[in-house]
Amino acid sequence: MKHLLGLEELSAAEIERILDAAAGYLGVGVGDVPKRDDLKGKVIANLFYEPSTRTRVSFGLAARRLGADTLDFSPSGSSTAKGETFIDTAKNIEAMGIDAVVVRHSSPGAPHLLVKYLLPHVRVVNAGDGAHEHPTQGLLDIFSIRRRLGKVAGLTVGLIGDIAHSRVARSNIHGLVKLGAKVIVCGPTTLVPSEVASLGVEIAHDLDAILPRCDVLNLLRVQFERQRSGLFPSIREYRLLFGMNGERMKRAKPGMLLLAPGPINRGVEISPDVADGPNSAILDQVS
């Protein structure tokens, strides 16, 4: 496997191998655990054409904790502002001698395009391409479920919120279904396209109705930046119908695990007491 472009193209066995390998890297370079030199002598370029906190910082930290040098790029202040194309920028950075590219871009398929234009030895990792996929976040969510609950197969996982614009939802669906989980997508009718059923998931529009069935809830951010206006009446109504709060936790399955890819909008998809409560693994995911 030379590149990581999406979970749609991976088999269940390949996903399991990645998760198994990841378990061996937990805590590397943190506290008293020493760094490693798996990537010594390698140069990793982080090309982020969209804002990011967790993904960008974690890729940089991970590379350095494994001994790599990193090169960070963002379009602000770069020659992109002068009209340089995405491919020309990538090829110029490649010419400086790199071994891998981690790319986030607003256009679906941007990482696949890099694979076609960069030299064969340069590995490409998709850190989110438009509303298409976010495979490393999907792997992280599945890893968190497996670590907390001991398994994935047989669990019921609810993906709540803006399914239509969520690359995280798509990667989660591909990975969870392949590993044997039951997936329910739930949100306003305007944010849950009917065609998502073809991916092997159940569609629901009533969070309270599905709560008792779910072992895990993954609370997706409402992506206002990708939407046209009018997809739901108001933030207040969204919070009342789909926001996770203390009252809903009382009606949920005991021990239900709460995930969120971040950034979280406190008081919209999740209340502060629940975000910081014992069922939440939001910061554990970041770690």
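Biologist: Where should I start with Y238, and is this residue buried or exposed?

Modeller: Y238 has 3% relative accessibility, so it counts as buried (under 20% relative accessible area; exposed is over 50%, partly exposed in between, with a 1.4 Å probe and protein chains only). F242, at 5% relative accessibility, therefore counts as buried too. A caution on the source: this is a predicted model, in which local features need pLDDT of at least 70 and side-chain atom pairs count only at pLDDT 80 or more, while totals for chains, interfaces and linings use all residues. Residues are numbered from 1 along each chain as its sequence is written, and side-chain values use heavy atoms, with hydrogens and water left out.

Biologist: How do I read a pair of aromatic rings, and what is the angle between the planes of Y238 and F242?

Modeller: Such a pair is described by the distance of the centres and the angle of the planes. Rings of Phe, Tyr and Trp (its six-membered ring) pair if their centres lie within 6.5 Å; planes under 30 degrees apart are stacked, over 60 edge-to-face, the rest tilted. The ring centres of Y238 and F242 are 5.5 Å apart and the planes stand at 40°, so this pair is tilted. Y238 and F242 sit 4 residues apart in helix α8 (residues 235-242), which means about one helical turn separates them. Helices (H or I, at least four residues) and strands (E, at least two) are DSSP runs, numbered from the N terminus.

Biologist: How many aromatic pairs does the structure hold?

Modeller: There are 3 aromatic pairs. One of them is Y49 with F73, also tilted, at 5.4 Å centre to centre and 50° between the planes. Y49 is in the loop between β1 (43-48) and α2 (54-65), and F73 is in strand β2, so this pair ties together parts 24 residues apart in sequence. Y49 and F73 are both buried. Together with F86, Y49 and F73 make up one aromatic cluster.

Biologist: Since F73 is in β2, how is the sheet read, and what is its strand order?

Modeller: Strands of a sheet pair through backbone hydrogen bonds, either parallel or antiparallel. Here the sheet is open, with 4 strands in the order β2-β1-β3-β4 and parallel pairing (two strands pair if DSSP finds at least two bridges between them). β2 (69-73) and β4 (123-129) are the edge strands, each pairing on one side only. β3 (residues 100-105) pairs with β4 in the parallel sense over 5 bridges, and V103 stands opposite N126 of β4.

Biologist: What does L207 touch, apart from its neighbours within four places in sequence?

Modeller: Contact is heavy atoms within 4.5 Å. On that basis, and leaving aside neighbours within four places in sequence, L207 is in contact with I160, C186, L217, L241, F242, G243 and R248. L207 belongs to helix α7 (residues 207-210) and, at 1% relative accessibility, counts as buried.

Biologist: Last, at what angle do helices α5 and α6 cross?

Modeller: The axes of α5 (residues 135-149) and α6 (residues 167-178) cross at roughly 55° and come within 8 Å. Axes are lines fitted to C-alpha atoms, for helices over the stretch in contact, and angles run from 0 to 180 degrees between N-to-C directions. α5 and α6 are therefore oblique (under 35 degrees is roughly parallel, over 145 roughly antiparallel, 65 to 115 roughly perpendicular, the rest oblique). On the α5 side the meeting residues include I142 and I145; on the α6 side they include V168 and L176.
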